[in-house]
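Here is a friendly briefing to read alongside the model. Have the sequence and the structure open as you go through the points.

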Amino acid sequence: MGWLFLIGAIIFEVFGAISLRMASTGKRNKKWFFGVVVGYLLAFSMLVLVLSTGMALGVAYGIWAAAGVALTAILSKFLFKEPLTLIMGIGIALIVGGVLLIEIGAAH
C-alpha cells in the first residue's frame, strides 16, 4: 500500500509544480494557485501515509523528490515548450539510476 501512496504523492507533487508554472503565466491564470495549494497539500499528506506504512524516510523522500524532478522536467518540455537537452536527459537518467540504487540498498 505504501507504494500506491508514494505514486499518489509523486503525481500530486508534479501537479502542484505544473500548477505553479501555470499560475505564473498571467493574470487570468491566478486560479491555478488553488491547484498549487491542493497539489502540495495532498502530496505531503500522501507522503505522511507512505511513512506510516513503514517505508524508510530516505527511500520514500528520495524516490518522491527524484521522480518529481524527472516528471516535471519532461512534462515542462511538452506543456510549456521548455528545453530538454541531452545533458538534462542524462541527468534524468542519473536520477532514475540513483533511485534504483536507493531501493536496492534499502533492501539489504
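Ile 92 has a relative accessibility of 14% and therefore counts as buried (buried is under 20% relative accessible area, exposed over 50%, partly exposed in between, with a 1.4 Å probe and protein chains only). Ile 92 belongs to helix H4, where helices are DSSP runs of H or I of at least four residues, strands are runs of E of at least two, and both are numbered from the N terminus. This is a predicted model, in which local features need pLDDT of at least 70 and side-chain atom pairs count only at pLDDT 80 or more, while totals for chains, interfaces and linings use all residues. Residues are numbered from 1 along each chain as its sequence is written, and side-chain values use heavy atoms, with hydrogens and water left out.

**Ile 92 and its surroundings**

- Setting aside neighbours within four places in sequence, Ile 92 is in contact with Ala 70, Ala 73, Ile 74 and Leu 84; contact means heavy atoms within 4.5 Å.
- Ile 92 and Ala 73 lie 19 residues apart in sequence, and their C-alpha atoms are 8.5 Å apart in space.

**H3 against H4**

- The axes of H3 and H4 are 10 Å apart and the packing angle is about 160°; axes are lines fitted to C-alpha atoms, for helices over the stretch in contact, and angles run from 0 to 180 degrees between N-to-C directions.
- H3 and H4 are therefore roughly antiparallel to each other (angles over 145 degrees count as roughly antiparallel, under 35 as roughly parallel, 65 to 115 as roughly perpendicular, and the rest as oblique).
- H3 passes H4 in a left-handed crossing: a crossing is left-handed if the near helix is turned anticlockwise from the far one by less than a right angle, and right-handed if clockwise.
- On the H3 side, the contact includes Gly 58, Ile 63, Ala 70, Ala 73 and Ile 74, and on the H4 side, Ile 92, Ile 95, Val 99 and Ala 106 are among the residues involved.
- The residues of this H3 and H4 contact divide into twelve nonpolar, two polar and one charged; Ala, Val, Leu, Ile, Met, Phe, Trp, Tyr, Cys and Pro count as nonpolar, Asp, Glu, Lys and Arg as charged, and the others, Gly among them, as polar.
- Ala 106 of H4 counts as partly exposed because its relative accessibility is 44%.
- Between Ala 106 and Leu 47 there are 18 Å in space, C-alpha to C-alpha, and the two are 59 residues apart in sequence.

**H1 and its two partners**

- With H2, H1 packs at an angle of about 160°, and the axes are 7 Å apart.
- H1 and H2 are therefore roughly antiparallel, and H1 passes H2 in a left-handed crossing.
- The contact of H1 with H2 has 19 nonpolar residues, six polar and one charged.
- With H3 (residues 57-80), H1 (residues 2-23) packs at an angle of about 40°, with axes 9 Å apart.
- H1 and H3 are therefore oblique to each other, and the crossing of H1 past H3 is right-handed.
- Residues making this contact include Trp 3, Leu 6, Ile 10 and Ile 18 of H1, together with Ile 63, Trp 64, Leu 71 and Ser 76 of H3.
- The H1 and H3 contact counts 16 nonpolar residues, three polar and two charged.

**The nonpolar core**

- The largest nonpolar core has 18 residues, and those with the most contacts inside it are Leu 6, Ile 10, Val 50, Met 55, Ile 63 and Trp 64; such a core is a set of buried Ala, Val, Leu, Ile, Met, Phe, Trp, Tyr and Cys residues joined through side-chain atoms within 4.5 Å.
- H1, H2 (32-52) and H3 are the elements that give two or more residues to this core.
- Not counting residues up to four places away in sequence, Leu 6 touches Leu 47, Val 50, Met 55, Ala 60, Ile 63 and Trp 64.

- Ser 76 sits in helix H3 and counts as buried because its relative accessibility is 8%.
- Ser 76 is in contact with Ile 18, Lys 81 and Glu 82, leaving aside neighbours within four places in sequence.
- Lys 81 is in the loop between H3 and H4 (86-106), and at 69% relative accessibility it counts as exposed.
- Phi of Lys 81 is near 60°, a positive value in a residue other than glycine.

**The whole protein**

- The protein has four helices and zero strands.
- Of its 108 residues, 32% count as buried.
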